[in-house]
Number of protein chains: 2
Amino acid sequence: MSSDLYRLTATEVLQKTKAGDISVQDYATSLLNRIAARDDAVQAWAYLDPAYVLEQAKALDAIPAAERGPLHGVAIAVKDVIFTKDMPTQFNSPVYTNNAPKLDAGSIVILRKAGALILGKTTTTEFAATTVGPKTRNPHDPNRTPGGSSSGSGAAVGDLQAPIGLGTQTGGSTIRPGSYNGIYAFKPTWNAITREGQKIYALILDTLGLYARSVADLELLADTFAIFDDVPAPTNFAVKGAKFALLKTMVWPSVGPGTTAALDKAADLLRAHGAEVEEITLPENLDELPQWHAAVLASEGRTAFLPEYATAKDQISAQLVGHVENSDKISRKAQLDAFDNIGAARPVVDDILGRYAAVITPSVPDEAPEGIEKTGSAAFCLIWTALHTPVVNVPGFQGDHGMPIGVSLVAPRYHDRRLLAVSKKVGEIFEKEGGWSRSV
Amino acid sequence: MSSDLYRLTATEVLQKTKAGDISVQDYATSLLNRIAARDDAVQAWAYLDPAYVLEQAKALDAIPAAERGPLHGVAIAVKDVIFTKDMPTQFNSPVYTNNAPKLDAGSIVILRKAGALILGKTTTTEFAATTVGPKTRNPHDPNRTPGGSSSGSGAAVGDLQAPIGLGTQTGGSTIRPGSYNGIYAFKPTWNAITREGQKIYALILDTLGLYARSVADLELLADTFAIFDDVPAPTNFAVKGAKFALLKTMVWPSVGPGTTAALDKAADLLRAHGAEVEEITLPENLDELPQWHAAVLASEGRTAFLPEYATAKDQISAQLVGHVENSDKISRKAQLDAFDNIGAARPVVDDILGRYAAVITPSVPDEAPEGIEKTGSAAFCLIWTALHTPVVNVPGFQGDHGMPIGVSLVAPRYHDRRLLAVSKKVGEIFEKEGGWSRSV
């Protein structure tokens, strides 16, 4: 039924448009209807112009079949810290109200060329840097946060308002909303996708992130962004006989009952399907990874927000003023020690990760907390951001209040495609037997 | 004489405007006359609108004295890979002809707020990434290259068309033109200045660079960009009694007679002024630093230029196509090994550098070569770009054809202000006794 087209994954949409069963306009209309019906409840969008979306859809339909790109008509929600030449980019900051330079981020250039339909801009915390939530609500419970900082993209994909979303991650800004909204979230290896035209918080941490409701869609995006491992990913990965590790990490004390249960169930399910699962720990000398992340984050934020501080100090949050004024009194020596220690840890951790099909670790402490004022804790995500490893949030579990909970699968740097192949098979199990299913 | 104002350093201009001796319009007029007289010979500008410069100057003059910024009226030449909201940004690429998004780079936001007068955009090699020279000629010999990729900023400051210039460095793009044009060039510690709004080649290498004809001007800019060491720089550094090191590096075999002589003379002069100078070498296990730099450069370029490759492959240079297509067949493993090896080298080299007032090392193999087709070799610069250390090119020497040659002073990361303080005293000696003096 054409009114249900909004439910499709990107891969399914492509099949239908390729077969001539639907037009991009049909599809866009269905999505816009979904958005119209749900926007009051979810409020995922910082900017969306339905008439312009239809105009773009019409233009895509006019492209001869032979000239269509690999993402022809695939609708994409774009976090509002990524420049789009035809829509404002406002960073959820009063400093940038109505800011609209005619500039496409590198990622947007690639997506447009592939035929994607840019739907609109999604909400973010201020500069994707704070944990103060925007107006957006969790599609599975309007009294809970969708997470952040990629709040709107996570909620839009979770609420079937878009099949694909772009987020970013400096701490846990892609993976956390992935877990809270019950969707797949993919943080690729650092710098595997260009960050040109994406607001900077911390150069050595910021990563473009991707949302979808299927791993096949993430693989489609990985193709589009030319992300390739040294060795092609297995086409027939089997959970049976594979070896996984369970890693609680040094921040395990902050875990709640929902994630504790999810991690147990994940291990049980993998074992029930014939996999070996062993619990591992990271070397003790890496216990300070979260503190190193914090030191690098604040120090690089000191550089990144000087322009806004210089011109509009009273319009940026106290956290960012604190970065610029170095209120934590982080010395250059401490900054460099943290930067270098993380650097030394990367190959060490890669080596450990490389022994398994994937390492399973929490995405979040628990299900999405109540309230939309705060976007939740990034505690479990930030070490992977610092380590530059690819991470996939796989949904399938739920917390005490029936909210979705995902777990993270992690692989060594530039083993992104292998990680996606593994996540696909693991996801089939977790989605079917994990206990949570999408009801929106 | 007001017609000679173009000869002033930024620091001198500030003194005169503050004293009410000159207006910004007087100063701008003098610079525009200088540019008009010399532009045919040097061709440093990719974009310059004299009427708009005067309009800006007039607006600056209208600011009440009490509200003027620390760079009030200081004219700045901006490399055309840095976004300016009121001028095109074209990257010397046909893909971006007339590209003019209304966007200021982070560095430009800070400079404008400080009261700087943005003169115009200066020439660059394509995306600051190739060694194919733009139209620009060396102000000291029109048959020679001004170097690259910051060709126009280096030539403009060297030719007294601007007191200050912004460049960038990914290999040797700031320091090399500094040496070739006989000016001070400062590559700060990586990420000490925001790179927001500056075209990406390699995230872990790209650095904003600064040009001036005096170290006092570089200190003024370091103040503006809030670059501070842990320990305040000495206000009374004395060459007498200080300890310097001479470092020929693993690329010494590529050196020519001009730099050989310059380095010898530099050591002799320092010794004559009472300093201790010892020759040092880097540990042998760092001999491959240039190869690691090359692997990281190509691999990060693979990510950075995918947007242009996807949309306009036939309009970008073969070198960049090669990056995207990974024509050097650099595996992800080799890329990560290079990235990690450089990371491990940084604290090791910092430790060595920290033993001296500064380490003296070549900026370039020799004076600027003949022809403007190629911008010369970055061989001596690129290891410092990879190591993230601050570098100052100090002019004062000359080659066999009377062209300027500078030497590099290097310090540990985030010892930028100490390095500037040392460079100021060393520069006084080299400029006075090194043998070369500015004749343009």
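1. The crossing of helices α7(A) and α14(A) is left-handed, a crossing being left-handed if the near helix is turned anticlockwise from the far one by less than a right angle, and right-handed if clockwise. The model is predicted: local features need pLDDT of at least 70 and side-chain atom pairs count only at pLDDT 80 or more, while totals for chains, interfaces and linings use all residues. Residues are numbered from 1 along each chain as its sequence is written, chains are lettered from A and ligands numbered from 1 in the order in which they are written, and side-chain values use heavy atoms, with hydrogens and water left out.

2. Helix α7 of chain A spans residues 215-224 and helix α14 of chain A residues 416-433; they pack at about 165 degrees with axes 9 Å apart. Helices (H or I, at least four residues) and strands (E, at least two) are DSSP runs, numbered from the N terminus. Axes are lines fitted to C-alpha atoms, for helices over the stretch in contact, and angles run from 0 to 180 degrees between N-to-C directions. α7(A) and α14(A) are therefore roughly antiparallel (angles over 145 degrees).

3. On the α7(A) side, the contact (heavy atoms within 4.5 Å) is made by V215(A), A216(A), L218(A), E219(A), A222(A) and D223(A). From α14(A) come R417(A), L420(A), A421(A), S423(A) and K424(A). By class, this contact of α7(A) with α14(A) has six nonpolar, one polar and four charged residues.

4. Ring pairs (centres within 6.5 Å) link F83(A), F91(A), Y96(A), F127(A), Y201(A) and F305(A) into a cluster. Over all chains, the count comes to 20 aromatic pairs.

5. Some backbone features deserve a check. The peptide bond from G148(A) to S149(A) is cis, with omega near 5 degrees; S149(A) lies in the loop between β3 (117-122) and α5 (151-158) of chain A. A cis bond also joins G148(B) and S149(B), with omega about 0 degrees. T249(A), a residue other than glycine, has a positive phi near 65 degrees, and its place is the loop between β7 (243-247) and α8 (257-272) of chain A.

How values were computed
Angles under 35 degrees count as roughly parallel, over 145 as roughly antiparallel, 65 to 115 as roughly perpendicular and the rest as oblique. Ala, Val, Leu, Ile, Met, Phe, Trp, Tyr, Cys and Pro count as nonpolar, Asp, Glu, Lys and Arg as charged, and the others, Gly among them, as polar. Rings of Phe, Tyr and Trp (its six-membered ring) pair if their centres lie within 6.5 Å; planes under 30 degrees apart count as stacked, over 60 as edge-to-face and the rest as tilted.
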